[in-house]
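Please look at the sequence and the structure first.

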Amino acid sequence: MSQDTDVRAADPVLGRLADAILIPPFPGLSAPGWLLGALARGLAGVTLYGQNIAAPGQVSTLIAALREATAGDGPVIAIDEEGGDVTRVAFAEGSPYPGNAALGMVDDTALTRAVHQAIGADLAALGINFDMAPCADVLGAADSPAIGTRSFGADTGLVSRHTAAAVAGLQGAGVAACTKHFPGHGRTGTDTHEALATIEGGLADLRLVDLPPFEAAIRAGTLAIMPSHLRVPELTGDLPASVSGAALTGLLRGELGFTGVIVSDALEMRATRDLFGIPRAAVLAVAAGTDLLCLGREGSEDDYLAVRDALVAAVRDGTLDGERLEEAADRVARLRGGLARARSAAPAAGGVSSDSAGPGSAGSGGARPVGARPVGAGLVGAGPGASGLGRVGPAVGLIAARRAVQVSGPRRTLSHPVIIEVEPRENIAAGRFGWGLGPWAPADSVHRVSAAGRLLNGAGLGPADDAASAAGPGPVDATRILAAAAGRSLVAVVRDAHRDEQTQSLVSALLAARPDLILVEMGLPFWRPPEGTSYLATYGASRASAHAAAELLGLTPA
């Protein structure tokens, strides 16, 4: 028997408390034996990623197995399903719902609520009850590489009202909302997947710009809030907010009055992993006020066991107060109980409120003390017509995407088009997902290239030879594309061209030779082509946004 196993065996009560606040990932399309055993021992639940999802029937079977194995109330089945570029359920083909940037562009809170209610209904139908959304981050002037189209926009008031609408939509469908990334990831120049990020400005700026959307989410009854690995020097010193008592216990709970569940951002992110290692980061997060620990997409059984053992050992040696671990476990148990009751009542009530899934989460009336009302009271009846837009479903995604698209310049008719899609640098939160005009474009018309001119897929442009790759996006690449497009319409599709000078150079070279080119921006339209260019901006790369752009281009399903 290993020393770690000895620790767990010697402290079965502490082991159960540690399990009660963990939602680890797992590989594959079915649950491994170690995970089913942990659920039977009291594991809080799991986090699903694209690696766990192949088809609706498979997901439903998987979740049924997880529920069957779980002791007590049903497990937390968590997922990152934001709509737009961040989707796990539809990562292969792209989300049927536009993301926050598109919704912020439209600025119709009833539409935002309807879209998120549809997202929640899709998740609930699969058995998923906890969505790590919405993003409440206010974009700074320079754009955040980690956030981008995941934000509703750069105006604090707009982000606040749409965050509240998104929370209401998700929880109106019976799925817990987890508002993120506290205290605000929009004014950072670093992706916390890669390094510790520092929020620009001081504490006064934070209160003025970044915190109001979280306050709006609390008033709307968000059941959970996720702090991120963000440093605010005046508040957290050298620590990230995710392990700072000043940020979590002092600011979020004390000043803002949030009494719901605090969920860690993925502990595998380098912002904390490189500083502390995953097990120590877990202990520090719980000590600071976190209730539920998310390990991240790449976490293994060994990572889960290491975190579990670290929590047990920290209580034994006094590093972590046992009462703090008990408090976290109790808060998660109340969440699970409320979600279980909401699931049972879903056909009649159609939603879950802050009263139904957390120890006094603040609702529209402000903060309440823990246990002020019975958990499970006050289920929300937000039926299909609650948004004022009629029955919700995937169709509302296309409605929203159509309204978001911005068009400028001449309207051109396509003739036997060549469509060049420029693959951007991967956003780690989004990963590689299905995007682009392919589903609506003529066969063999779409060519996916890197900004450096390397042909990723498609045909007819010739090989991306060593000379072309070394030359970058200059005349060699443009010449090859222009030759293929001779006598044909030319469309260039980019995502966040403002972040990549090579993409800008490639598009500029094409425009210099083909001013009739149509440019489609499927990210944020911060880099604009010359006046008079035919230009579409979709504010995101979801399938719904691509569909809306395809319609405007006159493309029909292949």
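Helix α14 has 16 residues, and at 1.5 Å a residue they should span 22 Å. The end C-alpha atoms of α14 are 23 Å apart, which agrees with that expectation. The model is a predicted one.

Which residues of α14 are buried? They are Tyr304, Leu305, Val307, Arg308, Asp309, Ala310, Leu311, Val312, Ala314 and Val315. After α14 comes Gly318. The phi of Gly318 is positive, near 85°.

**Helix packing**

α14 also packs against another helix. Its partner is α2 (residues 12-19), and their axes are 9 Å apart. The angle between α2 and α14 is about 125°. Angles of 65 to 115 degrees count as roughly perpendicular and those over 145 as roughly antiparallel. α2 and α14 are therefore oblique to each other. The crossing of α2 past α14 is right-handed.

A further helix pair is α16 (residues 394-404) and α20 (residues 543-553). Their axes come within 8 Å and cross at roughly 55°. Angles under 35 degrees would count as roughly parallel. α16 and α20 are therefore oblique to each other. The crossing of α16 and α20 is right-handed.

**Aromatic pairs**

How many aromatic pairs are there? The count comes to two. The table sets out their geometry.

| Pair | Type | Centre to centre | Angle between planes |
|---|---|---|---|
| Trp34 and Tyr304 | stacked | 5.6 Å | 25° |
| Phe182 and Phe214 | edge-to-face | 5.4 Å | 90° |

Take the stacked pair, Trp34 and Tyr304. Trp34 sits in helix α3 (residues 33-41) and Tyr304 in α14 (residues 301-316). The pair links distant parts of the chain, 270 residues apart. Are these two residues buried or exposed? Both Trp34 and Tyr304 are buried.

Now the edge-to-face pair, Phe182 and Phe214. Phe182 lies in strand β5 (residues 176-182), while Phe214 lies in helix α9 (residues 212-219). The pair therefore ties together parts that are 32 residues apart in sequence. Buried means under 20% relative accessible area. Phe182 has a relative accessible area of 0%, so Phe182 is buried. Phe214, at 0% relative accessibility, counts as buried.

**A charge over a ring**

What lies over the face of Trp435? The residue is Arg495, at 4.9 Å from the ring centre.

**Contacts across the sequence**

Ala114 has its place in helix α6 (residues 109-126). At 0% relative accessibility, Ala114 counts as buried. Ala114 and Ala165 are 51 residues apart in sequence. In space, Ala114 and Ala165 are 8.6 Å apart, C-alpha to C-alpha.

Leu252 lies in helix α11 (residues 245-255). Leu252 is at 0% relative accessibility and so counts as buried. Which separation goes with Leu252 and Pro183, 69 residues apart along the chain? Their C-alpha atoms are separated by 8.5 Å.

**Back to α14**

Note on methods: Residues numbered from 1 in each chain as written. Predicted model: local features only at pLDDT ≥ 70, side-chain atom pairs only at ≥ 80, totals over all residues. Heavy atoms only, no water. Phe/Tyr/Trp six-rings, centres within 6.5 Å; stacked < 30°, edge-to-face > 60°. Helix = DSSP H or I, 4+ residues; strand = E, 2+ residues; numbered from the N terminus. Buried < 20%, exposed > 50% of the residue type's maximum accessible area, 1.4 Å probe, protein only. Lys NZ or Arg CZ within 6 Å of the ring centre and 35° of its normal. Expected span 1.5 Å × (residues − 1). Axes fitted to C-alpha atoms, helices over the stretch in contact; angles between N-to-C directions. Left-handed = near helix turned anticlockwise from the far one by under 90°.
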